[in-house]
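Here is my note on the model you sent.

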Amino acid sequence: MDKIILKGLRVFANHGVFYSEKQAGQPFVLDLVLKTDLAKPCRSDNVEDTVNYAEVAKAAVRTMQGSCFHLIERAGQAVCDAILDRFPQVREVQLTLYKPRAPIPADFETVAIQIKRSRTGG
């Protein structure tokens, strides 16, 4: 299966367990891998024949900013659901959701979750 990859999508949103996270918000970063058949757009060179990654980015940002979740696990699931609902040609979404400013009393680069969801329930 072919892939469309959207890496490093930055979103400012209000997810977190603590009130301060929900109130002030913080940056999140998403990496998306969309499995789809790219044979037709490879031949046609027509954006109508592919998954428009600009629209995917808009859907992901809208989902991240449209709700307020306690867990990045839930936020990631919501993004996967939105993509699978809106883009029928996508067979599977793999999402890595980074939370670089997680309130952890330690020196770290980022916290992340990675999930994979497909039309067959994976």
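1. Helices here are DSSP runs of H or I with at least four residues, and strands are E runs of at least two, numbered from the N terminus. On that basis the chain has 4 helices and 4 strands. The order from the N terminus is β-α-β-α-α-α-β-β. Keep in mind that this is a predicted model.

2. Overall dimensions. The C-alpha trace spans about 50 × 25 × 25 Å along its principal axes. The chain has 122 residues, and 41% of them are buried.

3. Surface and charge. The chain carries 17 positive and 14 negative charges. Their mean positions lie 2 Å apart.

4. Core. The largest nonpolar core holds 31 residues. L30, L32, L34, M64, I83, L95 and L97 have the most contacts inside it. At least two residues each come from strand 1 (2-13), strand 2 (26-36), helix 3 (53-66), helix 4 (72-86), strand 3 (92-99) and strand 4 (111-118). Helix 4 gives the most, with 7 residues. As background, nonpolar side chains tend to be buried together in soluble globular proteins.

5. Which residues does L97 touch, leaving out those up to four places away in sequence? The set is F28, V29, L30, M64, I72, A75, G76, V111, A112 and I113.

Note on methods
Residues numbered from 1 in each chain as written. Predicted model: local features only at pLDDT ≥ 70, side-chain atom pairs only at ≥ 80, totals over all residues. Heavy atoms only, no water. Buried < 20%, exposed > 50% of the residue type's maximum accessible area, 1.4 Å probe, protein only. Lys, Arg positive; Asp, Glu negative; His and termini not counted. Charge placed at Lys NZ, Arg CZ, Asp CG, Glu CD. Core = buried A, V, L, I, M, F, W, Y, C linked by side-chain atoms within 4.5 Å. Contact = heavy atoms within 4.5 Å.
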